[in-house]
Amino acid sequence: MLSKCAIASSRIARGFTSSSSSYPSSATPSAPTSFSSPSSLKSLSSYSRTTPLLTQNLPSTFSQCSRSYSTAATKSFLLADIGEGISEVEVLQWYVEEGDVVEQFTPLCEVQSDKATVPITSRFGGVLKKLHYEVGEMAKVGAPLCDILTEDASEDDTPAPSDAAPEASSTPAPTPTPSASVSAPEVDVSQTITTSRGSRKVAAAPAVRSLAKANNIDLSVVPGTGKDGRVTKGDLLSFLESPTSSAPAATAASTTAAPIAAAPIAAAPTVTAAVPRTLAQDEVVPLRGFRRAMVSSMTQSLSVPHLGLSDEIDMTRLVKMRTMLKPVAASRGVKLSYMPFVLKAISLAIKSYPIVNARMNDSATEVTLVASHNIAIAIDTPGGLVVPNIKNVQDLSVLEIASELSRLISLAHDNKLSPDDLSNSTFSLSNIGAIAGTYASPVLVPNTVTIGAIGKIQKLPRYNELDEVVPVHIMNVSWSADHRVIDGGNIANFSNLVKQYLEEPGSMTFDLR
């Protein structure tokens, strides 16, 4: 109804301009300049009685407008609780601006918590009156995100702020343009739009924006191939590789490396070099999103006494097995790295030592042995470290684990992980060797009691049973455990069983169900 009212109002306004010359200036009453409030519509009604030729052909929409606006009210759209105990989120981008007509389920904005990125859609239709937050600001859960002038106060039971009710009756709402009032606007999020609230960002994940900033690239000049012109990481990398890109060639080459967790462990470490720059003065960088979550989780974790253990694993047989199986996996559309084998070995070992896959209650009086093996994988992205998890690894085949791993890595680099992908992990693993290093001291993820870190695979000389020096593929592994729950014998026996499965990968078939 608001859209029809806006159209009728604009048609009448055009009539004032085109027909005013037909009336003496003394006989023509002053035309109202705004038609977006009940008071202005009353003035328009008085005006139409003295100018019948202007309004005799108007549709019945005008009378409907008067009735509609008599019940119009400003509704505050409250930011709903998105779960996981999140109290605030960062506004990444707005898809609408003040004055736009929105309908139910129209995308309003995209926000990021310390868990995931979530799109926010409108629960009711109307004219967008006010945006309460700028891009980059932190929005509180339960607080107004924006104000919408609705057609009927009964559309939503969310109360408007105390100062919003009088504003709806005394202050004209922004009048939509005729073209925008026919339907909800299609927001071209692939362009930078300058409004009274500043520049609206190109639609792109925070990881993509961070990568663009590191390479001094303006995302508005990068062609987006994603939905609604969204700039993806692939778009940015293609732009960096193009001859017209102003980014250094070395930077483009370094950023095209495969995702960290997906790269084969035996491959040479990937070095992602940032563009060197000299700071003219101190720079304050706010901690947002995943980096802010890391501050909280690591502070919490370091209150737990850690027990550490490291060992080396001979991966020679597994290297040969993977070489044989890679073409088979590729024929099924799956990229096979070493990680799925490691995850499956861990899951099989958990069955023998379930204490490493446990949770302790808040009062530290009980330990729950968790049936599901939800193994989290640390993934390094330009936006920070994220730790999604593969659910129920105990029920998945190696190929299914590989497929799920690829999905999570892709979503992580596009900043599209869902809260479910990031919640309820029971065990964690970091593939630090994909970047560099052999041993590590991993820090526990909150609500878990064990974490592992695997180093890069190196071809090193070792003695065989005949005391002959032979080349073997060695991978180092480091474990950290909650010493309140797990003792040295627990973690040592668990580590030995994982080592047995990986050094004799065929033995895993004995325990598969």
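Two strands pair if DSSP finds at least two bridges between them. I start from that rule because the first thing I looked up was a set of bridges. The model is a predicted one.

**Entry 1: β4 and β5.** I took β4 and β5 and found antiparallel pairing over five bridges. In that pairing I noted Q112, which stands opposite T117 in β5.

**Entry 2: β2 and β4.** I then turned to the other partner and looked up strand β2, residues 88-94, against strand β4, residues 107-112. These strands pair in the antiparallel sense over four bridges. I followed two residues across to β4. V91 has V111 as its bridge partner, and Q93 stands opposite E110.

**Entry 3: the sheet.** I wrote down the strand order as β5-β4-β2-β7, an open sheet of four strands with antiparallel pairing. Which strands stand at the edges? I found β5 (117-121) and β7 (138-140) there. Each has a single partner strand, so one side of each is left without a neighbour in the sheet. For the twist I noted an average of 45° from one strand to the next.

**Entry 4: burial of β4.** Is β4 mostly covered or mostly uncovered? I recorded it as mostly covered, with five of its six residues buried.

**Entry 5: α12 and α15.** I moved on to a helix pair. Helix α12 covers residues 339-352 and helix α15 covers residues 488-503. I read an angle of about 135° between them, with the axes 9 Å apart. I therefore logged α12 as oblique to α15, since angles over 145 degrees would be needed for roughly antiparallel. The crossing of α12 past α15 is right-handed.

I listed the residues that make the contact. From α12 they are F341, V342, A345, I346, L348, A349, I350 and S352. From α15 they are F494, L497, V498, Y501 and L502. How many of the contact residues are nonpolar, polar and charged? I have twelve nonpolar, one polar and no charged.

Terms used. Residues numbered from 1 in each chain as written. Predicted model: local features only at pLDDT ≥ 70, side-chain atom pairs only at ≥ 80, totals over all residues. Heavy atoms only, no water. Axes fitted to C-alpha atoms, helices over the stretch in contact; angles between N-to-C directions. Parallel < 35°, antiparallel > 145°, perpendicular 65-115°, else oblique. Left-handed = near helix turned anticlockwise from the far one by under 90°. Contact = heavy atoms within 4.5 Å. Nonpolar A, V, L, I, M, F, W, Y, C, P; charged D, E, K, R; others polar. Buried < 20%, exposed > 50% of the residue type's maximum accessible area, 1.4 Å probe, protein only.
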